[in-house]
Protein chains: 6
Amino acid sequence: MAQPDPLKVPRYANLATFARLPAAGPEASVEVGVVGIPFDGGCSYRPGARFGPSAIRQASRLLRGYNPEQGVSPFEVGRVADLGDLPCTPFDNRRAVEEMHRQVAALLPRVRRMPVFLGGDHTISYPILKALSEHHGGRPLTLLHFDSHMDTWDDYFGEGFTHGTPFRRAFDEGVLDMSTSMHIGLRGSVQSPDDLEQDRALGFRTIRCAEVDELGGPAGVVRRIGERLTASQNASQEAPPLLCYISVDIDVVDPSAAPGTGTPECGGLSALQLLTMVRRLRTLPGVQWVGGDVVEVAPAYDVSEITATLAATVAYEIISLAAPGPRL
Amino acid sequence: MAQPDPLKVPRYANLATFARLPAAGPEASVEVGVVGIPFDGGCSYRPGARFGPSAIRQASRLLRGYNPEQGVSPFEVGRVADLGDLPCTPFDNRRAVEEMHRQVAALLPRVRRMPVFLGGDHTISYPILKALSEHHGGRPLTLLHFDSHMDTWDDYFGEGFTHGTPFRRAFDEGVLDMSTSMHIGLRGSVQSPDDLEQDRALGFRTIRCAEVDELGGPAGVVRRIGERLTASQNASQEAPPLLCYISVDIDVVDPSAAPGTGTPECGGLSALQLLTMVRRLRTLPGVQWVGGDVVEVAPAYDVSEITATLAATVAYEIISLAAPGPRL
Amino acid sequence: MAQPDPLKVPRYANLATFARLPAAGPEASVEVGVVGIPFDGGCSYRPGARFGPSAIRQASRLLRGYNPEQGVSPFEVGRVADLGDLPCTPFDNRRAVEEMHRQVAALLPRVRRMPVFLGGDHTISYPILKALSEHHGGRPLTLLHFDSHMDTWDDYFGEGFTHGTPFRRAFDEGVLDMSTSMHIGLRGSVQSPDDLEQDRALGFRTIRCAEVDELGGPAGVVRRIGERLTASQNASQEAPPLLCYISVDIDVVDPSAAPGTGTPECGGLSALQLLTMVRRLRTLPGVQWVGGDVVEVAPAYDVSEITATLAATVAYEIISLAAPGPRL
Amino acid sequence: MAQPDPLKVPRYANLATFARLPAAGPEASVEVGVVGIPFDGGCSYRPGARFGPSAIRQASRLLRGYNPEQGVSPFEVGRVADLGDLPCTPFDNRRAVEEMHRQVAALLPRVRRMPVFLGGDHTISYPILKALSEHHGGRPLTLLHFDSHMDTWDDYFGEGFTHGTPFRRAFDEGVLDMSTSMHIGLRGSVQSPDDLEQDRALGFRTIRCAEVDELGGPAGVVRRIGERLTASQNASQEAPPLLCYISVDIDVVDPSAAPGTGTPECGGLSALQLLTMVRRLRTLPGVQWVGGDVVEVAPAYDVSEITATLAATVAYEIISLAAPGPRL
Amino acid sequence: MAQPDPLKVPRYANLATFARLPAAGPEASVEVGVVGIPFDGGCSYRPGARFGPSAIRQASRLLRGYNPEQGVSPFEVGRVADLGDLPCTPFDNRRAVEEMHRQVAALLPRVRRMPVFLGGDHTISYPILKALSEHHGGRPLTLLHFDSHMDTWDDYFGEGFTHGTPFRRAFDEGVLDMSTSMHIGLRGSVQSPDDLEQDRALGFRTIRCAEVDELGGPAGVVRRIGERLTASQNASQEAPPLLCYISVDIDVVDPSAAPGTGTPECGGLSALQLLTMVRRLRTLPGVQWVGGDVVEVAPAYDVSEITATLAATVAYEIISLAAPGPRL
Amino acid sequence: MAQPDPLKVPRYANLATFARLPAAGPEASVEVGVVGIPFDGGCSYRPGARFGPSAIRQASRLLRGYNPEQGVSPFEVGRVADLGDLPCTPFDNRRAVEEMHRQVAALLPRVRRMPVFLGGDHTISYPILKALSEHHGGRPLTLLHFDSHMDTWDDYFGEGFTHGTPFRRAFDEGVLDMSTSMHIGLRGSVQSPDDLEQDRALGFRTIRCAEVDELGGPAGVVRRIGERLTASQNASQEAPPLLCYISVDIDVVDPSAAPGTGTPECGGLSALQLLTMVRRLRTLPGVQWVGGDVVEVAPAYDVSEITATLAATVAYEIISLAAPGPRL
C-alpha cells in the first residue's frame, strides 16, 4: 500500500511527505512524482513561497487513497512517491531558472506518467514547461492556467525571470500551444488596458472570475475550456491527444480561502469552485496530462494551514487526473 | 427577559454563558438547555475540541432574542438556560462515553423541549443518541448528520469509541432510524471505495457537497431530505412525528469559514449554505426535534472566533427549530 | 501618473498612502480624495476600527491604475490623492461627531467629484451625510447601505451617537431621501421584531442576505435597487440625478472573508458578491455619486490583511464609480 | 473546597469563572471577591481591554489552591468567589466612572477582606480608589502602582477620565497617601521632562525599570518600597497599618511577555520579576491590603493567552497577599 | 558531512528531518538517533503535543554543525540520524505506553551513544526511562528533570499513565536513582502542600525557579546539581559514572519564550537560562549521558515557531552533551 | 513641534511616518533623517524584511519627544524627518546594492547629523557603510554590530551580496576600522570552527551572548566596548573622534521578544538588555555617531507588533545618541 495504514500509524506521525507517500531517492523511477521547488526570488510583493513545499507536505497528511470526487485511486497506478525538493539559489533569478530547468530535465525520464510540482512562486513554471516540452520532443503544450493574474509581463525591474513573467518566457521559447492555452480566474486591477490586450495578442484566451456564474459555474467553465480544446483539434483531423499542463496559482481562490499567498486579490473563486473545475477537467476528451504545478503558497501568511491544505488537495486532484478511471 | 438588556449590560460583560442566557444549576428544569461536553479523546488528528464549549459560549455573546431568519423568538418558549458542562475523563474513551451517557440520561427528564449539546469531538454524539432514544421509549431516531465525513467506521486503532465511529455504534445499538437517517455535506478522500459502500449498506443515504448546486442549493437539499422523510412516513400510515436529531460537525463548512476544527476538508459548504439548510429544516412536516449537537470546534486553530461564532449561530438556529412559529 | 511606476518603485516601498497615491496637504483641491476617520468610540462590541484607515492604506498597495471590472481608470480623472485623516477625540462621542462634521464640511468644497471615507466605526457616516447634504444645498441623499445590521436604533446606553444609530440620526436631520434609501445584506438576530418594523416605518427598504440568491445573485440585487430608484424618479418627472451615497460596513461580508470587524455576523455575502454589487451600481441610470465610505475594519481581528485588502478594494470600486466610462 | 476537584472535573470544563471559583450572585457576602470592570473607553491607543475580564477568567483555569511562592492557601480564607462584572456604558466616560463608583461602593460592604478588580483599562482605578477610601472612612490609601506609565496626566483631549489620568483624579480627590504612594516600572519616552517633574511634584516617588538591576532585582525593589513605607510610619509613632492598594498595569511587563495590551513599551520587566515583586510585598510590615487591580489586558493583541495568564497569576498573587500565612 | 551543505542546498529545502540530518530506516544503527513520539493522550489541559515532533523538525532547519557554546561538533561523532517517529494509539493510554516501551526497547541496541526523544506530552518519559534502565542492565538512572511541574502524581481521573504521573510510575518501577534525581525550575500553584511533601518523600530534590537567582544563575544551578551528584558518588567509592537522563518539559521556560505548550505557568526561566543550564551540564564530572527528551511542545499554541525552535535547540544541546570535547 | 500634539491628534491617526515625524521630500535637508530600505533579496531563510520599514513606522506611533533614558529630546536638534524609502530591485542583488549605494550617497550631504536606516535585511549595511565612509573622506568606520550572527561570510551560493556577507564586503573595501569594530551578542551554532577563526582573523572582536552576565550585564558590555575603543585611540595620540556606526540586527534579541525576523536564534538578549546597551553607548567618550541601522524585521512573523515596536524603539535610541545632552 502506498500510504501507511492510518489505523495503525497516526497521520500526524513521521516525516512529512506529500500525502504520507514514501520518499524516494534522487535516482528513483516512478509513475507519478511529487516534487518541490522552494524558490521565491521572483516574488514582487509578499515573499515566502520558498516554504510552500514543506507547508503543503505538512498539510497533506489527511489525504487518503480513494478519491470519490473523480472515482479513482490515484496512488495505485504504480509507484507514486515524494521526490523531495529541487534546490536552487535564492540569490540570482537567472541562475536559479537554469538550475531548475536542468534538474527538471534530469527528472522527467524517470517519471512515467506525471510530475506534479509544488512551488515556490510562479517563476518556476517557465523552466518546468520548457523542460517538459523538450521531453516531449519539442511539442508545444496546452497550458490551463488558473490564476488571478496573467503572468505574461515582459519584465519587471528589467528582470525577465520573475513570478509575473513565466508565460511570456514560455511563449518566447515556443513551448506553449497558443491555439489552446487559457487563463482561468483573472480578476482585479492591472496597470493599464494594454496589459490585457498584449496578453490577448499572444494568443491566450481567458475566463474571468466575473464570468464564472454566467457560464453556469465550474461545470460551465470546463465546458468552455473543452470547446476551445476541441476547436483546435477539429482543425487538425486525426490529432494526437493534446499535451496538457495545469498550473494553479493558489491566489485564483479568494483570500478568505487562500490567505497564505504573495499577491492576494479579493473577489476570487471559492475553494469548492476551484476543486470542482480541476476535478471536471477529467471530462475533457483527447487530453494527455503531462504535468502540473501548484504555486504561490506563502505559509507565513497562512492561517491554520487552510491555504496549504487547499494546495495539497489541488495537487491531489491533479494527480488523480492521471489515474485511470471513468471520465465522469 | 431571558437575556440581560444589551442597552444596559454590554454584551462583552459578565461570565460567558451561551447567548448570555442565565446559567442554571444541575437540578434545574428547563424548556431548552444548552450543555457542553468538553471531550476530545476520540480525535484522530488535530485535538483541542475540549475547549469547544468555552469558545462557543464566548463567541455567542452577540446572539439576540429574535431570529428573523426563522421568524421566532427562541428564548421565549419558557425557561431557556445554559446548563454548564458534563465533565468526563480525558484519559479513557470507554469510561468517558459511559460518563457522558449517564449524565445525559440524568439530564433529559429535566429538559422538556430540546437539549442542544456543544462538543467536544464527534465521539459525544453516540452516548447522546443512546440516551435520547432510551428517553423516548427506545424509539429509533432520525439522524440528520451534517459533516464532511461519515463517521461510521467500525473502529480506529482497535478502539470503538472515537470521533470516526459514533454513528456505527449508534447503528449497532439500534438507536437510529435507518429508513430516514442521512449524511449531508460529505466530500473528500476516503480510505477506499468500501468505506462508502459499507456506509450505504448500513442504510444511510447521503447528499454530497458536490451535489448541492445541482439540487438547487440549500433549499433543494432540504427538499431532498424532506422527500426521504416523507417516503418513510408514507410507508407507515398515520405515523407519529419522526423524532429528529441534528448533528452538525462544523467541518461540513469549508475551512475558510471554519478553520478551527480537527480534520479540515477543503471545498465545503459556505457558512450561509449551512445556516440556510438548518433554517429551512423548519419547513419539514411531521418532525419533532428531540435534540441536536454542534461538534468539532477546536479553538486553538480558530481565527478571530469565526469558527466558534458560526458554531454558536448554528446552535442558535437549532434552538430556534424548537420554537413555535411559522413553518416558513 | 498618479501612482509611482511599480516596475521601478516596489509596491511595498514608501509611506503607506491609499493605493500608493500622492499624499495631499490639508489645503489641496482634488477631484477625488480618500480620507480616513479613525474613530471607534461608538463601537458596542469589539473595538479597534480606529486603526482601520492605516490598515486599509497598508493593504491597498496592490491596487493598480486600470479597473477592468468597471472598464475605467479611476486615478486618471484629474488629481486623486490621499488626504490623510480627520482627527477627533476618542473620549467623547458627541464632541467627536461635531469635530468630524466640521472637518468634513471644510473639506467638501475642495473635493470636486467624490470623497471616499475610510472608517472608523459606523458612527462616522452620520456627520458625513449631514455635511454632504448641506454641501449639496440641503438636498436629501439616497443611501445605499451595505451591512448586516440596520444601524437605525434610536440610542444605545442612552447615547445617540454610536455605530448602531447613524442612520436614525441622519433620518432625524432629514438628510436622507427615504423614498430611495435601502439596506442591503441584512441578516442575523435582532433584539425583537420591533427593530425591523421601526426601520421599515422610517421608510427604508431592505434586501436581506437570504434574498440574494432568489433575486438572481448580485446582478439581481442591483436590478432591484435600480427599480426602487427609478420608481422614485418616475414619480417626479424631469428629475435631476439622484445624489447617491454608498456606505459599506465590511461586516456585510461573511466573517470568513472579513474577520477583522467589530460585530461579526455569520452567513454573509462572499467577497465576490459584494464587489460585484458595487461594480454593477455603475449600471444604474440617473445617479450622481456624491460620496462613499467603508467602515468597521478592526485590524486587530484581521488575518493576513484579508479584511483590510477587501475594504481597500471596495473603496477602489467606489472611486471607480466616479470615473467616466461605459455604464457596463 | 472552593474549586472543583481537578481530578474529577477537568479544568477546561464549565463556565469560566476566575480560578474556577464559584460564581456569586450580586447580593453575596464574601471574604475575597474577584470583580471584572469591562471598560476601555479611556484608552488612547489600542482598545479592547473591555474583553480583559473574560480573557483573564478563561486563562485562570490552571490556578490551583496552594501557592508555594507565598506559602498560603488563598482560597481557604472563607468564601472566595467570582462576583461577575460591573456593567457600565462604553460611550460616555464621565457617566461610566460614576457607574463604576456607585457599583464598587455598593459592593465593598459585602467583601470583607479584599476585592480584586480585573480591568478594563486604567480608567477604572480612580472610581475604585475613591470608593475604597470612602469605605475606609476617608483615610487616604497607599498606592503601589506597577506600570510603564505614570497615568497622572491632567487631561487628554480635554477629558479628565481616561487611562492616562486616574491617579491625578485620585490625587485631586485626596484619596491617596502621597507620603507613601509609588510608581514601579516606569520607562520609555514621555512628552516632555515636565511630565516627570509634575508627577514628582504631586508627591509620587518612582522606581524606574532601569533601576531594578542596580537595586538588586525584585527583592531590592521591594526593600526600597518598604523603606518608603517605614519612613512614613516612623514619622507618625504608633501608626495603624497602612491601607495599601496595588494597581498593576500589565504593560509594566515587557511586550514579549505581555503583548496583549494597549500601549506597549519595550524593555520592561520579565514576568518572573513582576511576580516576584508582588509575592515579596508579603514581606512588608505594617500593611493592610485593601484591594488591588490588574488592568490593560487587551486580548485581541494577546497570543496564546500569555498576557491573560500572566494577569490571572498576578491577580492570584494579590489575593494571596490577603491570606494569613508566613511573612516570607 | 552529516548535513547537506547549506551553501548549496537551502536550509528551507527538502523533507523536514531534525537538523537536516539524514533520515534512517527502522533497522539503522547509529551513534546518536533523534526519535519522535507523537503522543498527547496524557494531556490534562491544552492538547496538541502529538504535532510536536513534526514542528520541532521543521523548526530545526537552522541548526548547524558546530556548537561553539559547548565547543563540539555534535554530528561528527559517527552516524547521527533522524529515526522518524514511534507510532502509538491516541485512544488508549495504557496500550500506548506499552507500544512506546516495546518500540524504545527495540531501538536502544541500535543507538550506541544516545537517543534523544521529541515529544509528545510528558507521558512518554516513563516508558523511555523503563526501557533505558532495562537496556542498562536494570541500573537506576539519574533523572535531571527541567519542568515547572513535578509530574509525580499517582493518578489523574483514576488513570496512572498521564503527563502528570510519569516519574511516579518510574519511581514505582525502581528505574530512578533517588539519591541523585532532581527537579529544576518548579514554580506556580499546586493542589495542596501535600503535593510537595509527597514528592520530597519519594526522594526528589528540587531547585525552584525562584531560587535560580540566589544560587547565582544558571551556573550556580548546575553547581548545585553537581553537588548532589558528587555527594552520591562520594558515598560509593570508585563509582562508575552515573547514568544520567535529561528530561526537558518546555514549560520550564516562561510562556513568553514557550507559548506553545499545554499547561503554561508564568514566571519561568528565560530561554537563555535554560540553554545555559543544559550547556553547562557538560561540566559535570562522572556522568554518562544515556538519553534525553524534550516534551510538551504544542504547536497549535506556538507563535512563529519560537517554542519549536527553542525545543530544537535544547535537543541540539542535549545531543552535544554526548559529543567528545572539552568539559568547559 | 516635530510631532503633532498627541492630546489633539490621536497617535493612531494619519499616515504612518517614523515616530509621527513629518515626511520630507527627496530634496529636503535635515539634521537627522530616518530612511527605509525595503530590500530582502539577500535573505537565506525566512524572507519578508522588505516590509520592515512600513511595519516599523506603524509601530513607532507611540514614541514621544522626550527620552528620559538618555535624558535628551532627540527630535529637537533641528529638522528631523522621515525621508521615505530608497527603492531598489528585489530581483538582482548586485544591481540592488548599487542602487542602494547610489541613493545613500546622494542623501548623505543633506543629512547633517545622522541618518538612521530601517531594513530590510542585513545586505543593506554594506552599501550604507561604503557610502558613509566615502562621505567622510574615506575614513574607516568603527562598526558596533549587534547580532546573533557574524555576517562575515565570503559568499553564499556563490553570491557576494547577501545578508550573511555585508561586513566581509565592507572589510574588503576597507571601510571598517578593524582596530575597533566589534560584534556583540553572537550565539548559536555555526558551520564550523573556521567561521569563528576567519572572523577573528579579519580583526573583529566579539562579545558573545553567553558573556553578558559575566561581564556584569549591559553596563559591563558597554565598558568592554569602551575599553577597545579607548585602546585604539590611545595608540594614536590626539586622535579625532572615532566615526562610529551602529548596526542592530533585531535577531540579537531572543525570539521571545523579536519573533518577527528571518533567522531566529534562541537564547538571546532580552529587549531591556539591548536597549540598555544602546542607551549606554552614550557614555562612550571620543565618539562621533555617523549613522545606524536596524535590520531584519520580518513582519509576517511578528506578533502584535512586538518586534517592530522594539525595532522602532532601538531606532529612537540611536537617534537619541546624536542628540546633545548629558553623557549619562
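In chain C, the side chains of C:Lys130 and C:Glu134 meet in a salt bridge, at 3.6 Å from N to O. A salt bridge here is a side-chain nitrogen of Lys or Arg within 4 Å of a carboxyl oxygen of Asp or Glu. The model is predicted: local features need pLDDT of at least 70, side-chain atom pairs count only at pLDDT 80 or more, and totals for chains, interfaces and linings use all residues. Residues are numbered from 1 along each chain as its sequence is written, chains are lettered from A and ligands numbered from 1 in the order in which they are written, and side-chain values use heavy atoms, without hydrogens and water.

C:Lys130 and C:Glu134 are 4 residues apart in helix H3 (residues 125–135) of chain C, so about one helical turn separates them. Helices (H or I, at least four residues) and strands (E, at least two) are DSSP runs, numbered from the N terminus. C:Lys130 is buried, with a relative accessible area of 18%, whereas C:Glu134 is partly exposed at 42%. Buried means under 20% relative accessible area, exposed means over 50%, and partly exposed lies in between (1.4 Å probe, protein chains only).

Helix H2 (residues 93–107) of chain C holds another pair, C:Glu99 and C:Arg95, again 4 residues apart, about one turn of the helix. Their salt bridge has its closest N and O atoms 3.6 Å apart. C:Glu99 is buried, with 15% relative accessible area, and C:Arg95 is partly exposed at 28%.

In chain A, a salt bridge joins A:Arg113 to A:Glu31, with the closest N and O atoms 3.0 Å apart. This pair links distant parts of the chain: A:Arg113 lies in strand S3 (residues 111–119) and A:Glu31 in strand S1 (residues 30–37), 82 residues apart. A:Arg113 is partly exposed, with a relative accessible area of 33%, while A:Glu31 counts as buried at 9%. A:Glu31, A:Arg112 and A:Arg113 are linked in a network of salt bridges. Over all chains, the count comes to 84 salt bridges.

The next topic is how the chains meet. The contact between chain A and chain B (heavy atoms within 4.5 Å) takes 29 residues from chain A and 32 residues from chain B. The size of an interface is often given as the accessible area lost when the parts come together. Buried area is this loss for two parts put together, summed over both, with a 1.4 Å probe. Between chain A and chain B it is about 2500 Å², of which carbon and sulfur atoms give 60%. In chain A, A:Leu7, A:Arg64 and A:Tyr66 lose the most area to chain B, together 25% of what that side buries. The count between these two chains, A and B, is 3 salt bridges. In one of them, B:Arg46 pairs with A:Glu305, the closest N and O atoms being 3.2 Å apart. Helix H7 (271–280) and helix H8 (306–321) of chain A are the elements that give two or more residues to the side touching chain B.

Chain B also touches chain D, with 23 residues from each chain in the contact. The area buried there is about 1800 Å², of which carbon and sulfur atoms give 64%. B:Tyr12, B:Asn14 and B:Leu15 supply 38% of the area that chain B buries against chain D, more than any other three residues. Between chain B and chain D the count is 0 salt bridges.
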